[in-house]
Amino acid sequence: MEHEHVLEQIPAYALGALDAEDVLQIRAHIERCAACRAELLAYQNAASMLALAAPQQEPPAGLKQQIMKKAALSPRKPAAGSFTVWRSLADRLYRLAPAWGLASLALVFLLVISNIWLWQRVVNLESKSKFQVVALAGTEVNPQASGVLVIGSDGMEGTLVVEHLPSLDAARQYQLWLIQDGKRTSGGVFSVDEGGYATLQIDSPASLLSFDAFGVTIEPYGGSSGPTGDKVLGGEL
Amino acid sequence: MDFASRDDETLLHQIARASPDALSELYDRYGRLVYSVAYHATSDAHLAEEITQDTFLRVWQRAESYQSQNGKVATWLASIARHRAIDLYRRSQARGEGHAQALENVPEFELRDHALGLETSLEVEQSRQQVRQALNQLPPEQRQVLALAYFRGLTQEQIAHALALPLGTVKTRLRLGMQKLRQAVEGG
């Protein structure tokens, strides 16, 4: 993309008003151009200032108390985090395949925890189960990362489990993409705990079985309309 | 420790050390700002409340992730809330809820200065005045495009479609609006 064309697009890029395709082209240029990076930083600063012109709205009287109460209940150290993640996964898997029985689900649960030949064994289970499993592999950005997508028999429910993804700063999150014929639909955003683990109950507008592939990218907190950041996980149905 | 006299970055530093008093002070300074951004991005008081909670709890957990290149602490907080609000708004779009809402209830930027009692740092107040003055000088059509992009997270194409305008017109309005805003912010 030509430098002058990129300069014209930078204000919109800073505001998040570019379509995903344009974003990818501009990012590729900006990575090579220090002048454009400086321009982007200046426009991002200007864009962020728009918050100060939002009409003032008084928050509810009890909101601060709610926040402080929840903060008091949320330890800043991650000691209990991982166990909570796996308990949550067990609950979700049980909802997906109640007819399968607790024993089978416990086997899946133990395999995930042990992480020994995880992907191959879970895939072997697929033929015996009433749900499908998609393995997600780390990209060159994070080759050590991995994930598994468990899809219910009717495709309308799914859970993503990831591990070994690095924690992101407060302004960024991971975003799951559901891919069909090249078109990407958001499946939701998530953050990992200090151990790099996370689960995500997938929010899909259609059956997950209708998609060809799945990917996870790094996006601004809250997600994007299309992938804009580095891809960290990918896999095909 | 008296946090009322501390600067914002010191507050974050103390929050990273698990000081609830520092979190309380940060909310006192910017709770209204965060809620305002969330409210106008979603047009929903309940969602705004949820987003504000999420934002401050996120800072409680990840205060150490703030870096000065993220901008002022105030706008960093607002950015977290804005992105979360836009995500929720896009999900409602995907479910077919309220596409018409894209144009309805889109707030106009606050252009006038008026005291609301307790306020933030002097530095943030000065920045607020700069931004308002800059927006005041923009033609209404440029402000409209900026508001749709900022509060609704619409792309230029989506804005052009919503306003039934040529894409080139929207691009020009957005670029000119942002250029003037930048000049005002940098001009001091």
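1. Across the interface of chain A and chain B, 21 residue pairs are in polar contact, both residues at pLDDT 80 or more. A polar contact here is a pair of N or O atoms within 3.5 Å; within protein, one must be able to donate a hydrogen and the other to accept it, and residues adjacent in sequence count only if both atoms are side-chain atoms. On the chain A side, the elements giving two or more residues are α1 (3-15), α3 (34-49), α4 (63-73), β4 (172-180) and β5 (183-190). α3(A) gives the most, with nine residues. Helices (H or I, at least four residues) and strands (E, at least two) are DSSP runs, numbered from the N terminus.

2. A word on the basis. This is a predicted model, in which local features need pLDDT of at least 70, side-chain atom pairs count only at pLDDT 80 or more, and totals for chains, interfaces and linings use all residues. Residues are numbered from 1 along each chain as its sequence is written, chains are lettered from A and ligands numbered from 1 in the order in which they are written, and side-chain values use heavy atoms, with hydrogens and water left out.

3. Now the extent of the interface. Here 55 residues of chain A are in contact with 71 residues of chain B; contact means heavy atoms within 4.5 Å. The two chains bury about 5,900 Å² between them, 60% of it on carbon and sulfur atoms. Buried area is the accessible area (1.4 Å probe) that two parts lose on being put together, summed over both.

4. Salt bridges also cross this interface: the rule finds three. The rule asks for a side-chain nitrogen of Lys or Arg within 4 Å of a carboxyl oxygen of Asp or Glu. One joins the side chains of Asp28(B) and Lys64(A), at 2.8 Å from N to O. Glu39(A) and Arg182(B) also meet in a salt bridge, at 2.9 Å from N to O. That pair runs from helix α3 of chain A to helix α8 (residues 167-187) of chain B. Glu39(A) is partly exposed at 25% relative accessibility, whereas Arg182(B) is buried at 15%. Buried means under 20% relative accessible area, exposed over 50%, partly exposed in between (1.4 Å probe, protein chains only).

5. Over all chains, a search of the whole structure finds 13 salt bridges. Within chain B, the side chains of Arg29(B) and Glu25(B) meet in one, at 2.9 Å from N to O. Both residues lie in helix α2 of chain B, four residues apart, about one turn of the helix. Arg29(B) is buried, with a relative accessible area of 11%. Glu25(B) is buried too, at 15% relative accessibility.

6. Asp54(B) lies in helix α3 (residues 45-62) of chain B and Arg84(B) in helix α4 (residues 73-94), so the pair ties together parts that are 30 residues apart in sequence. Asp54(B) is partly exposed at 25%; Arg84(B) counts as buried at 14%.

7. Next, the rings. The count comes to six aromatic pairs over all chains. Rings of Phe, Tyr and Trp (its six-membered ring) pair if their centres lie within 6.5 Å; planes under 30 degrees apart count as stacked, over 60 as edge-to-face and the rest as tilted. Tyr35(B) and Tyr39(B) are stacked, 6.1 Å centre to centre with 25° between the planes. They sit four residues apart in helix α2 (residues 20-42) of chain B, about one helical turn. Tyr35(B) is buried at 3% relative accessibility, and Tyr39(B) is partly exposed at 23%. Tyr150(B) and Phe151(B) pair edge-to-face, 5.1 Å centre to centre with 85° between the planes. Both Tyr150(B) and Phe151(B) are buried.

8. Finally, chain A and one of its residues. Chain A has seven helices and eight strands. Buried residues make up 49% of its 237 residues. Gln9(A) lies in helix α1 of chain A and is buried at 6% relative accessibility. Not counting residues up to four places away in sequence, Gln9(A) touches Leu18(A), Asp22(A), Ile26(A) and Gln156(B). The side chain of Gln9(A) makes a polar contact with the side chain of His5(A), at 3.2 Å.
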